[in-house]
Amino acid sequence: MRKAKPKKRVVLPDPVFHDVKVSKFVNHLMYDGKKNTAYTIFYSALEAAKAKMPNEEKSALEIWKKALENITPQVEVKSRRVGGATFQVPTEIRPDRKESISMKNLILYARKRGGKTMSEKLAAEIVDAFNDQGGAYKRKEDMHKMAEANRAFAHFRF
């Protein structure tokens with residue numbers, strides 16, 4: 001490589017839970033630099049998710065973290081050209097990319113959901129992910145199935 005690797009930016013923890021993971025999630029959720037709006041949506045979604053699960057003894061933050069963990073993929077397929085043919089090669093995912101993919105999938109499928117407000121949609125998606133259901137969980141399962149189907153090409157990994 002000609003250029004030096006860019007430095008990783010430090011993400012400050014959020015004001016309520018003092019958690020860096022929450023800040024990263026809110027940064028993915030944010031539109032047009034409206035971070036306060038994104039925080040409001042996120043916190044109200046956590047409250048709504050907690051309200052939907054009254055018999056759960058975990059806190060709202062623990063429910064969200066478990067939901068993220070449930071939709072985090074372990075492997076993905078990458079296209080690799082070998083001798084004119086393109087193969088889908090299964091590869092392990094770096095930990096920081098795993099986190100990013102799971103957050104983006106949760107937000108993407110929450111936005112696609114039917115519902116009134118974004119916080120309601122996000123709460124519903126969090127509850128579904130916690131219970132191993134919903135679009136984001138299905139996306140993870142599909143990624144794993146694709147990697148399993150193309151396991152024969154794993155020797156093309158670089």
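In helix α1, the residues V22, S23, F25, V26, N27 and L29 meet K35, A38, Y39, I41 and F42 of helix α2, where contact means heavy atoms within 4.5 Å. The model that shows this is predicted, so that local features need pLDDT of at least 70 and side-chain atom pairs count only at pLDDT 80 or more, while totals for chains, interfaces and linings use all residues. Residues are numbered from 1 along each chain as its sequence is written, and side-chain values use heavy atoms, with hydrogens and water left out.

The protein has 6 helices and 2 strands. Helices (H or I, at least four residues) and strands (E, at least two) are DSSP runs, numbered from the N terminus. From that terminus on, the order of the elements is α-α-α-β-β-α-α-α. The C-alpha atoms fill a box of roughly 55 × 40 × 25 Å, taken along the principal axes.

Two packed helices are described by the angle between their axes and the distance between the axes. Axes are lines fitted to C-alpha atoms, for helices over the stretch in contact, and angles run from 0 to 180 degrees between N-to-C directions. Helix α1 (residues 20-29) and α2 pack at an angle of about 115°, and their axes are 9 Å apart. Therefore α1 is roughly perpendicular to α2. Angles under 35 degrees count as roughly parallel, over 145 as roughly antiparallel, 65 to 115 as roughly perpendicular and the rest as oblique. The crossing in which α1 passes α2 is right-handed; a crossing is left-handed if the near helix is turned anticlockwise from the far one by less than a right angle, and right-handed if clockwise.

Helix α2 (residues 35-52) also packs against helix α5 (residues 118-130), where the axes come within 8 Å and cross at roughly 50°. That angle makes α2 oblique to α5. Here too the crossing is described as right-handed. On the α2 side the contact is made by I41, F42, S44, A45, L46, A48, A49 and K52, and on the α5 side by M118, S119, E120, L122, A123, A124, I126 and V127. By class, this contact of α2 with α5 has 12 nonpolar, 2 polar and 2 charged residues. In these classes Ala, Val, Leu, Ile, Met, Phe, Trp, Tyr, Cys and Pro count as nonpolar, Asp, Glu, Lys and Arg as charged, and the others, Gly among them, as polar.

Another pair is formed by α4 and helix α6 (residues 134-149), which pack at an angle of about 135° with their axes 8 Å apart. This makes α4 oblique to α6, and α4 passes α6 in a right-handed crossing. N105, L106, L108 and Y109 of α4 meet G135, A136 and R139 of α6. The residues of this contact divide into 4 nonpolar, 2 polar and 1 charged.

Helix α4 (residues 95-112) also gives the largest share of the lining of the largest pocket, 6 residues. The lining has 14 residues, of which K8, R9, K24, R94 and D96 lie nearest the centre of the pocket. By class, the lining has 3 nonpolar, 1 polar and 10 charged residues.

Terms used. 1 Å grid on protein atoms, 1.4 Å probe; cavity = no way out; pocket = protein on both sides within 12 Å on 5 of 7 lines; lining within 4 Å.
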